[in-house]
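Please look at the sequence and the model before reading on.

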Amino acid sequence: MVKLSPLSPFAGLLPREVGSLRVTEVDPGPVHWIAPYRSGLEGTAEALGAAGFDWPAPNRWTGGASGRLVSVGPGQAFLVGAVPPEIPGAAVTDVSDGWAVAALEGPTVREVLARLVPVDLSEQAFGADATARTLVGHMSASVTRVGEGFEVMVFRSMAGTFVEEVERAARSVAARG
Amino acid sequence: MRLPGRGLHEGPPAEVYFDGKPYDARTGETLAATLLANGVRLMGRSFKYHRPRGILTAGSEEPNALVTVGRRGRQRPNVRATMQEIWDGFRARSQNSWPALSRDLMAVNDLAWPLLGAGFYYKTFMWPRGFWERVYEPMIRRAAGLGHLSGEPPEQASEKAFAFCDLLVIGAGPAGLMAALTAGRAGARVILADEEARMGGRLLSETHEIDGGPGHAWADGVLAELAALPNVRLMPRTTVTGAYDQGTYGALERVGLHAAPRADLPPECFWRIAARRAVLCAGAIERPVAFADNDRPGIMTASAVRTYLNRWGVAPGQRVTLFANNDDAHRTARDLAAAGVTVAGVVDSRDSAPEGDWPVYTSGRVTGTRGRLGLRSVTVTHAGGTREIPTDCLAVSGGWNPSVHLTCHMGARPVWDEARLAFLPPEGAVPGLAVAGAARGRFSTRACLEDGAAVAAEVLEALGFDATRTELPEAEDDPYRIAALWHVPGKRRAWLDMQNDVTVKDVAGAAAENFRSVEHMKRYTTQGMATDQGKTSNVAALAVLADATGRSIPETGTTTFRPPYTPVSIAAMGAGGEREGFAPVRRTTSDAAVRSRGAPMVEAGLWYRAAYFPKAGEKAWREACDREVAMVRGSVGVADVSTLGKIEVQGPDAAAFLDYVYANRMGSLKPGRVRYGIMLREDGHVMDDGTVACLGSDRYLVTTTTAAAGLVMAHMDYAAQVLRPEMDVRLTSVTEHWAQFAVAGPEARGVVASLLDEEMDAERWPFMSCGPVGIGGVDGRLFRISFSGEQGYEIAVPARYGASLWRLLLAQAEGWGGGPYGMEALNVLRIEKGFLTHAEIDGRVTAFDLGMQRMLSKPDFIGRAAAMREGLLDEDRPQLVGLRPVGAVAALPPGAFLFAPDAAAVREAAEGHVTSAAYSPTLGTTLAMGFLARGRSRHGETVKLVDHLRGVEVLCEVGDPVAYDPEGKLVRG
């Protein structure tokens with residue numbers, strides 16, 4: 001039998017540190033897209049609730065250390081870091097390998113992201129359970145507040161561009177001193 | 001001349017160079033201050049007449065003192081000397097003069113001025129017609145102009161950023177400081193932006209006292225409090241340049257332009273600020289008066305003289321004369337005298353004026369000036385007669401124009417106020433933007449402070465903040481006394497727009513030629529169309545126009561202002577988009593392995609795919625391509641097809657939904673089966689083609705072409721959400737999740753079978769089947785489909801295993817005498833088989849044109865109504881055909897037109913065109929696909945192919961688009 005070896009999206013690209021910004025690759029574990037059918041809203045809430053996840057409000061995530069249920073659009077969420085339960089009333093698709101996930105941390109993280117993300121990421125506007133489907137530069141992305149930092153998901157194929165753009169923004173922020 | 005002990009600015013001594021000559025300076029002062037301190041008055045040459053020019057102002061409104069800073073990749077033309085901060089070793093040079101600023105030969109233009117008035121070029125250079133673009137315009141552009149770009153890419157890239165706030169305060173003078181303080185104390189998120197390096201506005205330039213102390217000290221106190229508030233962000237050196245929809249403001253920050261270049265530090269940052277509300281506290285700009293020869297170096301606005309004196313500690317002259325029509329300007333004489341500078345006289349146009357220890361000439365006018373490279377004297381006509389006053393600096397004030405520019409950015413026009421002789425912003429000009437202070441004609445310091453606080457309090461209340469009243473400090477509250485004076489009649493030229501060399505005579509000439517509308521006058525004379533946008537001259541120009549046309553100023557109206565307030569470099573607006581920043585790069589999982597084989601990459605959408613895989617000894621791409629085609633036809637080839645769009649469709653109504661979005665029947669597809677299909681746009685034309693695989697009950701996988709993946713996803717989302725919301729169906733893209741590889745050729749089954757965990761049963765995998773497979777213990781998917789016409793499979797695994805599977809596939813394929821193939825071979829293989837790409841499906845093509853009309857058999861689907869219309873089923877329409885040259889092999893260029901053999905190769909006779917072509921090593925001939933009128937009934941006929949651009953003319957035989965294995969035996973083998 002042949003053997004296939006896995007490669008992570010940011011292999012050879014991360015971690016990186018620019019100024020006081022740290023960018024590290026996150027292995028998110030399984031990521032599933034969940035979209036309840038019109039006929040299955042209650043069933044979905046029930047099945048997820050039994051697994052410990054409340055359906056998130058728009059631009060919010062629920063859960064915690066054992067996985068996050070992240071709102072990614074009207075009637076759509078990503079279950080990140082946990083295997084979904086059997087949900088009879090919802091479309092469920094494994095998208096684990098479609099996304100490159102990076103954690104950005106450090107005192108200048110908001111300043112760096114302000115150069116790439118057209119969303120208000122301040123403490124007041126983007127609280128501990130906030131998330132947004134938005135842009136990083138020209139890339140479609142999901143930005144989620146996690147602890148004091150942010151986790152950013154971009155298309156796996158764009159991992160290289162993501163690192164370049166974050167690094168460039170971080171350099172110019174660091175150069176301001 | 002520096003005045004020891006005067007001025008607010010202290011900086012380490014520095015040496016700067018202007019036109020190569022060194023000057024003593026203080027780090028952080030403006031270049032204008034440095035040059036004036038060193039007695040330099042001549043700083044540039046005017047645009048058209050090459051008139052010697054000096055400094056007119058002390059701010060961003062400067063029309064004259066434009067210089068070029070830096071060289072090569074750091075060269076910046078048209079930098080205002082009044083805004084440029086200097087550092088030790090700073091260098092600038094003058095513009096638009098040759099061979100030297102003081103001896104400019106092009107000044108000959110100035111002698112020809114009676115000829116060169118407004119409209120001269122358009123009236124003169126009319127014949128012969130073709131000469132304008134090729135001869136006259138280049139000549140005129142060379143003769144006239146300001147600074148130049150170096151033509152080299154910037155050495156250091158600028159940046160762009162976003163900011164958010166409750167209240168954006170634009171301008172940090174007395175009104176802005178009070179507004180920011182009120183909002184900051186109320187807890188609102190405040191951004192205070194000011195274009196100067198040091199905040200304080202006119203408080204830094206005037207000797208006003210606030211609460212018994214110097215105004216600038218009060219400003220520093222407020223700024224210290226604001227800096228300590230976590231909810232307030234101070235943005236100095238930041239010009240808010242535009243007001244846009246929904247509270248978005250554009251702002252340009254000078255990040256690295258005020259100091260020696262530093263690695264990684266961007267020159268500029270272009271901010272997009274989203275503000276719930278904004279207050280415009282941009283102050284006002286003093287306007288000069290137009291009189292004969294009022295453009296000589298040494299003539300400047302009265303407020304600029306005070307700025308150089310009080311802020312920078314520099315006397316712009318040793319004997320200064322003042323010419324004004326208002327009380328405010330008289331401060332200039334008082335401040336100069338207090339600093340020990342001789343005031344040669346005060347000329348006031350009114351019949352009474354404030355007294356002082358200097359000669360005052362009431363009912364006075366400056367009627368002429370002398371001094372070609374710098375002012376020597378002025379001629380004054382006043383109540384007591386005419387006299388000439390020796391003077392090296394003339395301070396002029398015609399009153400103040402409120403800086404209403406941003407309020408006009410959404411189309412509002414300012415309103416004339418007869419009492420203040422100024423245009424004021426109308427109410428509600430820009431939603432969410434309030435105006436306070438001098439920007440709405442509240443000119444005294446006290447009025448500005450009061451207005452800033454009051455307007456901020458009002459806005460805060462609307463935002464739901466509890467704004468406690470900020471106590472108002474004591475400050476001067478002098479009335480604004482002014483009498484209208486726009487220009488002094490005379491024979492010699494009186495200048496309005498100094499940057500575009502527009503005179504009073506030009507404006508009057510426009511009126512005489514019946515360009516009476518202010519918009520027509522502007523375009524006829526170019527008044528206000530230079531880089532300064534006429535900040536110091538527009539109002540005076542339309543006053544002159546009003547006079548010339550016998551109308552009042554409000555009747556004449558005003559031109560309006562568009563963004564940007566001050567010039568924004570394209571490099572700042574486009575920051576981040578240089579080179580590869582233009583678009584994200586999408587790499588497949590095989591990318592590194594493919595590149596390591598030396599494969600040239602081609603773009604497909606944002607993806608990069610291998611064009612071909614060169615082998616040692618191959619001299620041209622065609623050799624590699626021919627080899628790869630033969631390899632696929634002869635043994636087996638492997639290609640990365642991960643870039644094709646993949647959309648999962650799920651739900652109780654998934655089958656019905658697919659029947660709705662596809663033109664052919666899809667809902668009947670059974671699990672484990674794949675079908676080809678086409679999607680139409682609503683207008684009946686083909687949008688995309690691809691396959692649908694049924695993965696299980698109510699679960700399908702749609703594949704799209706690489707380039708149309710996003711388009712198809714959006715189209716299907718639209719159909720699900722808008723057209724058929726009653727259908728219970730859900731869609732998501734899985735393009736990125738799966739790495740997918742095509743394995744094609746007679747040996748394909750052997751290669752695939754060698755990798756599967758379970759033994760491969762040929763019966764289980766007939767043509768157009770699909771299903772789950774295990775590869776090395778990983779859950780993958782196998783599809784029996786072919787884009788080459790050979791026995792073909794596509795094998796998919798989660799992307800993390802893509803690189804690994806690619807290596808394994810190649811190793812296996814090479815063991816069977818095969819290898820990788822690229823886009824070039826893929827294209828040849830599909831042309832041999834007559835398969836479609838977007839070269840054929842170019843948006844103008846119907847299913848009928850493609851010979852696929854039979855697929856359209858359902859009662860309803862997107863595009864059906866249009867596709868069934870008579871005109872789209874006309875036999876005369878160009879139909880898909882195959883072409884090959886008659887006789888010898890010849891290139892058949894895509895884009896070439898098709899004609900009857902004996903027809904003239906002219907547009908009217910064209911019967912079709914070529915969409916794709918390739919040399920087929922399999923058939924030993926060139927093959928092409930194209931569209932030909934009535935093509936399906938013309939197989940066997942000869943047509944003439946003509947490519948007018950490349951000079952190609954070939955006779956071709958028309959045939960079926962499928963040139964290779966027309967029975968399709970191989971794919972099923």
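**Contacts along the chain**

Two residues are in contact if their C-beta atoms, placed from the backbone, lie within 7 Å. In chain B, 67% of the contacts with a separation of 6 or more join residues 24 or more positions apart.

The model is predicted: local features need pLDDT of at least 70 and side-chain atom pairs pLDDT 80 or more, whereas totals for chains, interfaces and linings use all residues. Residues are numbered from 1 along each chain as its sequence is written, while chains are lettered from A and ligands numbered from 1 in the order in which they are written.

**Overall form**

The C-alpha trace of chain B spans about 115 × 70 × 55 Å along its principal axes. Chain B contains 24 helices and 49 strands; these are DSSP runs numbered from the N terminus (helices H or I, at least four residues; strands E, at least two).

**Burial and core**

Of the 973 residues in chain B, 55% are buried, meaning that 20 or more other C-beta atoms lie within 10 Å of a residue's own (12 or fewer: exposed; in between: partly exposed), with C-beta atoms placed from the backbone.

A nonpolar core is a set of buried Ala, Val, Leu, Ile, Met, Phe, Trp, Tyr and Cys residues joined through C-beta atoms within 7 Å. The largest has 346 residues, and B:Leu167 is among those with the most contacts inside it. Helix α9 (residues 445-463) of chain B supplies the largest share of this core, ten residues. Leaving aside neighbours within four places in sequence, the contacts of B:Leu167 include B:Ala183, B:Val279 and B:Val459.
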